[in-house]
Amino acid sequence: NASLLKETRYTQPALFAVELALYSLWESWGVVPDFVIGHSLGEIVASHVAGVFSLEDAVALVVTRGRLMHALPSRGSMASLGLGSEETTQLINEMNLGGLVSIAGVNSPHQTVVSGDDAGIRTVLLHCASIGKKAQELVVSHAFHSHFMDPMLEEFRLVAEGVSYHSPKIKIISNLTGQEADAEIASPGYWVKQIREAVLFSDCIETAFEAGV
């Protein structure tokens, strides 16, 4: 039933399988990466292929992540804005939406995703329309990378603490910092924060570019 893929408990394992299959295909062609980057769930794929955790442990994290997120009340919204992260932060502060709306992802210097309270996201969308900035509500089941994820974090931590971690054999550029990952990526705490905090994908790409990728 294809409609099940709209449910995050199935979407996330499916994404993991497709992304890992693509990496394995490239690997079969002799492609050897100097760096790997993922985006949100994709960072689990990147870390697995870099050797941070086994396939079994990666799948355990993915399945638990999807199951716990799916079990949360379907509350909140997300939107993609044609604004940079600094402009978006300024907008949130000027509209007194701090605590209700936060940055979920910075995908480029001119495209930022926000997540949070339904009314807060609507306010942001209306404001962007009034100033002629592109803004689009995203079709999502939950407000990912926002305070709406908080109730699942401790249960996820328990599973993350049962995973075996290793130093990466391939350089990973971290979603949380936008810089090359340090030893923290091989720890449960990193993966708990990775659910809650913004994905700094644009910074990751810039770091890769500066490294000659």
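**Salt bridges and a serine**

There are five salt bridges in this structure, which is a predicted model.

**Exercise 1.** Work out which parts of the chain the salt bridge between Arg196 and Asp150 ties together.

*Solution.* Start with the pair itself: the Arg196 and Asp150 side chains form a salt bridge, 2.7 Å from N to O. Now place each partner. Arg196 sits in helix H7 (residues 188-196), while Asp150 is in the loop between strand S5 (135-137) and helix H6 (153-160), so the bridge links parts 46 residues apart in sequence.

**Exercise 2.** Find the salt-bridge partner of Lys193 and decide whether Lys193 is buried, partly exposed or exposed.

*Solution.* Then apply the cut-offs: partly exposed falls between under 20% (buried) and over 50% (exposed). Lys193 comes in at 32%, so it counts as partly exposed. Glu184 has 30% and is partly exposed as well.

**Exercise 3.** Is Ser47 buried or exposed, and what does its side chain reach?

*Solution.* First locate Ser47: it's in helix H2 (residues 42-49). Its relative accessibility is 0%, so Ser47 counts as buried. Next, follow the side chain, which reaches the backbone oxygen of Glu43 at 2.9 Å. Finally, skip neighbours within four places in sequence, and Ser47 is in contact with Val52, Phe53, Ile172, Ile185 and Trp191.

Definitions and conventions
Residues numbered from 1 in each chain as written. Predicted model: local features only at pLDDT ≥ 70, side-chain atom pairs only at ≥ 80, totals over all residues. Heavy atoms only, no water. Helix = DSSP H or I, 4+ residues; strand = E, 2+ residues; numbered from the N terminus. Buried < 20%, exposed > 50% of the residue type's maximum accessible area, 1.4 Å probe, protein only. Polar contact = N/O pair within 3.5 Å; in protein donor to acceptor, adjacent residues only side chain to side chain. Contact = heavy atoms within 4.5 Å. Salt bridge = Lys/Arg side-chain N within 4 Å of Asp/Glu carboxyl O.
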